[in-house]
Amino acid sequence: MPEEIYEESQLYKIRHSAAHVMAEAMLERFPEAKVAIGPPIEDGFYYDFDLPTAINDDDIRWVEKRMKKILSQKHDFSMREVTAAEAREIFQDQPYKLELIDELVNERLDEDGAPIAAPADRLTIYRQNNFSDLCRGPHVASTRDINPKAVSISLRPPAGAYWRGDEKRQQLTRIYGTAWETAEDLRAYRQRLEEAIKRDHRVLGEKLDLFIIDSMVGKGLPLWLPDGATLRDTLERWLRDIQIERGYLPVVTPHLGNIELYKTSGHYPYYADSQYTPIDVDGDEFLLRPMNCPHHCRIYTSQPRSYRDLPLRYAEFGTVYRYEQSGELRGLTRVRGFTVDDAHLFVRPDQLLEEFQGVVKLIQHVFNALGMTDFRARLGTRDPDSDKYVGDNSLWEEATVAIINACEDLGMDYHIEPGEAAFYGPKLDFIVRDVLKREWQLGTVQVDYNLPQRFDLEYVDRDNERKRPVMIHRAPFGSLERFIGILIEHFAGAFPPWLAPTQAVIIPIRESHNPYAREVEALLKERGMRVKADLQDRNMRSKIKQHRRMNIPWLLIVGDRDMADRTVSVRLRTDENLGALPLDGFADAAAANIESQSQGIGL
RNA sequence: GCCACCAUAGCUCAAUUGGCAGAGCACCUGUUUUGUAAACAGGUUGUUCUGGGUUCGAGUCCCAGUGGUGGCUCCA
C-alpha cells in the first residue's frame with residue numbers, strides 16, 4: 001500500500017479545520033486579538049495570535065471547552081472566492097491578514113528579483129459558524145467530521161513565535177493543538193508524549209546518576225558523574241581503538257589559542273556570534289577555541305612533509321566552547337562546552353576519494369554497532385546567494401564532486417541540501433532517527449581546500465614540487481555530549497552491557513554470603529567487567545528493587561546453594577530469571593556478550 | 001536573546017481566604033540476616049531560589065534578579 005501523503009489526508013483537513021475552530025473560540029474569548037496563521041503540523045496544528053494580554057490556563061480551558069461545543073454543533077466549512085479588494089474589506093481589522101493578502105496578490109520575488117511565486121489570481125475564504133479565514137484549504141465539509149473527543153489544546157503550553165519566523169518582527173502567542181480521527185488515537189498520542197518524557201535524557205540522567213548541570217558552574221556546562229563518565233569513557237576508548245586500527249594518530253591540544261590562529265583560519269570573523277569574548281593574556285588576545293582544526297593545522301606545519309607521509313590522520317577528543325543563546329540550551333543535546341570526537345585527515349588529492357570513503361565506512365560502522373541503523377546522509381552544499389563562505393568556486397566544486405563520487409561509489413543514500421555547508425567547505429552530515437522516530441544530526445564529514453591554503457600547508461611530492469594537501473574534517477559522534485544524550489533516549493537508559501556503567505551487581509542473601517559475593521566480584525573484575533558486590537545491611541529484595549531501577553543488566557544473587565555449588569543465580573533487568581549458572585559459565589557468557597557488543601542481555 | 005509558565009528537605013510533592021513549614025523515599029542510629037521489586041523502630045535534614053516591597057503577620061500578594069521548562073530564532 002503506498003503511503004498516504006499527509007497534506008492530502010483526511011487527518012490533515014481535520015487539523016486544519018480544528019485550527020480555524022480554535023481561532024473562532026479565541027476571538028470570542030479575546031475579541032481584540034489579531035489572528036496570524038494557523039497551519040496543520042506533525043501531530044496537530046497551531047494558530048498564532050497577537051493578544052492584548054497574556055493567556056492563562058483558565059483561558060485555554062475555556063477555549064478548549066468552547067471549541068468542543070462548536071465542533072459538536074453542525075457547521076459547514078464553506079469556501080468563497082473573493083477579489084483582493086473584497087478580502088481587504090473583510091479583514092480590515094486584521095493587519096496580519098492584510099499583509100498576507102498583499103503578498104499573495106503581488107508577484108513574490110527573491111533577493112535577485114527572480115519570481116518565486118506568481119501573483120494569485122483569486123483568493124479564497126473559508127467560513128464556519130461565525131469565523132472566516134483567508135485560507136487556501138482544504139477543509140473538512142462540516143464540524144461534524146471532527147470528533148470533539150479527539151481534539152485537545154491543553155497538552156502543550158502556549159509559546160512565543162515570531163511573525164513570519166523573523167526574530168526582528170512582532171512576537172506572537174502560538175497556541176498548539178492536537179487533533180486525531182478518534183479519541184483512541186488521541187489517547188495513544190498522549191501515551192507517546194509520556195513515553196518521550198520517561199526517556200528524556202535529562203530525567204534519566206538524574207535518575208541514573210549520569211550527569212548534572214549545576215547553576216553555580218554555569219548553564220550549558222554539564223558535570224559528568226562517575227557512572228556517566230564511565231559510559232563516556234567506554235565510548236571514547238572504543239572509538240579510539242577503532243581509529244588507531246585504522247591508522248589515526250592521537251594528538252592533544254589546548255582549549256585556548258592566540259586569536260591570530262583563528263584569524264588565520266578564518267574562523268574569527270565568521271564565528272563571531274558563537275565565540276566568547278577574547279581573553280587578555282599579557283597584552284595578547286586569546287580565544288576559548290570554538291574549533292579544533294586550527295591547532296591540528298599547526299601540528300601539520302611543524303615539520304616539512306613528504307608525499308610519503310600522507311595521509312596523516314590526527315585524532316583528538318577536543319573540547320570546544322561556543323556561545324549559545326540561553327534559550328537554546330537543552331540538557332546534553334545543546335551545551336556551551338562540548339567535546340568533538342574530532343579528526344583531521346591531511347591527504348593528497350589522489351587519496352581523497354579513498355580516504356573520504358574510509359571515513360564514511362567508519363561512521364557507518366559506529367552507528368551500526370550502537371544499533372542506530374536508521375540513518376540517512378545529507379550533503380550540505382553552498383547557498384549560491386550567500387556570501388558567508390570562503391574559498392574559490394572551483395575549490396567548492398571540486399570538493400562537492402569528490403563527496404558525490406564517494407557516496408555513489410559506496411552506494412550510499414544521500415540527498416543534497418543547499419545552504420547547509422560549513423563556511424569553508426561542503427559537508428556530509430549523518431542524520432539518525434531514534435526509536436521515537438525523531439531525527440538528530442550526529443556525525444559529519446567535511447572536505448576542505450580552504451584551511452590548507454590559509455595555513456599554507458604543503459608537502460613535497462615525488463617530482464620535488466611543493467603541493468597542497470586536502471583536509472577532511474570528521475566526527476562520527478559529532479559531540480560526545482549530544483551523542484550520549486541521544487544514546488540515553490535511544491536505549492531509554494537501559495544500555496547494552498558493553499556500555500552499561502555497571503554491568504552486574506552481586507547481591508548476597510545473608511551477611512554470611514558476603515565473602516562469596518566479594519569473591520565473585522573479584523573474579524568478574526579480573527575478567528574486565530564493571531561489577532560491584534552490594535554488601536549493604538539491608539534485605540535482598542530491597543537491593544533487587546534498587547538495582548532494577550538503575551537498569552543493571554545482570555543481578556547475581558548468591559546464597560547457600562550458590563556458595564556450595566559455586567554458582568550465581570542470574571536475574572536479568574527484564575525480570576527474566578535464569579536460575580543458577582556456574583560462576584565460570586556466567587563469566588564466559590557475560591564476557592562474550594560484552595566482547596560482541598550485543599544489543600541484548602541474554603546469556 | 002525573545003514570549004509564556006515554573007521554583008518548598010538530596011528526590012517526588014503537600015501546606016484551607018495571607019495565620020505554628022509537612023509527608024513518602026533517601027540519609028543516620030539501633031534491631032533484624034531474609035532465595036528474586038520496598039523488614040521494623042527511632043532520628044537528622046529547610047535562608048520556602050536571591051534581593052526588595054505591601055501587611056500586625058508572606059511559602060502564599062507585588063517588583064526586580066537568578067535558575068529551570070515549553071516554544072520561536074539559531075545549532076555539533
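User: How many bridges join β23 to β26, and do they run parallel or antiparallel?

Analyst: Five bridges join them, and the two strands run antiparallel. This is a predicted model, in which local features need pLDDT of at least 70, side-chain atom pairs count only at pLDDT 80 or more, and totals for chains, interfaces and linings use all residues. Helices (H or I, at least four residues) and strands (E, at least two) are DSSP runs, numbered from the N terminus.

User: Which residue stands opposite A475 of β26?

Analyst: T444 does.

User: And what about β19 and β26, how many bridges there?

Analyst: Five bridges join β19 (residues 337-347) to β26 (residues 470-475), and these strands run antiparallel.

User: Is β26 buried or exposed?

Analyst: Six of the six residues of β26 are buried, so the strand is largely enclosed by the rest of the structure. A residue is buried if 20 or more other C-beta atoms lie within 10 Å of its own, exposed if 12 or fewer, and partly exposed in between, with C-beta atoms placed from the backbone.

User: Which residues sit on each side?

Analyst: V470, I472 and R474 are on one side, with M471, H473 and A475 on the other, and all are buried.

User: Switching to helices. What covers the buried residues of α11?

Analyst: The cover includes α7 (226-245), β19, α12 (393-410), β22 (427-433), β23 and β26. The buried residues of α11 are L352, E355, F356, G358, V359, V360, L362, I363 and V366.

User: What span should α11 have, and what are its end C-alpha atoms doing?

Analyst: α11 (residues 352-369) has 18 residues, so at 1.5 Å a residue it should span 26 Å, and its end C-alpha atoms are 26 Å apart, which agrees. The expected span is 1.5 Å times one less than the number of residues. After α11 comes G371, with a positive phi near 75°.

User: How many residues of α14 are buried?

Analyst: Eleven of the eleven, so α14 is largely enclosed by the rest of the structure. Among them are R482, F483, E489 and H490. Just after α14, A492 takes a positive phi of about 50°.

User: α14 also turns up around the RNA. What else gives residues to the surface near RNA strand B?

Analyst: The elements that give two or more residues are β10 (159-162), β11 (171-179), β23 (439-448), α14 (480-490), α16 (540-549), α17 (560-565), β30 (567-572) and β31 (577-582). α16 has the largest share, seven residues.

User: How do they divide into nonpolar, polar and charged?

Analyst: 14 are nonpolar, 19 polar and 25 charged. Ala, Val, Leu, Ile, Met, Phe, Trp, Tyr, Cys and Pro count as nonpolar, Asp, Glu, Lys and Arg as charged, and the others, Gly among them, as polar.

User: What does L287 touch?

Analyst: Not counting residues up to four places away in sequence, L287 touches L256, G257, I259, Y262, Q275 and P278. Two residues are in contact if their C-beta atoms, placed from the backbone, lie within 7 Å. L287 is in strand β17 (residues 284-288), and it counts as buried, with 25 C-beta neighbours inside 10 Å.

User: Zooming out, what is the domain assignment of chain A?

Analyst: Domain 1 (6-193), domain 2 (207-487) and domain 3 (504-595). Those bounds come from an automatic or database domain assignment. The C-alpha centres of domain 2 and domain 3 lie 42 Å apart.

User: How many helices and strands are there in chain A?

Analyst: 18 helices and 31 strands. Of its 603 residues, 36% count as buried.

User: And how do the numbers and letters work?

Analyst: Residues are numbered from 1 along each chain as its sequence is written, while chains are lettered from A and ligands numbered from 1 in the order in which they are written.

Methods. Two strands pair if DSSP finds at least two bridges between them.
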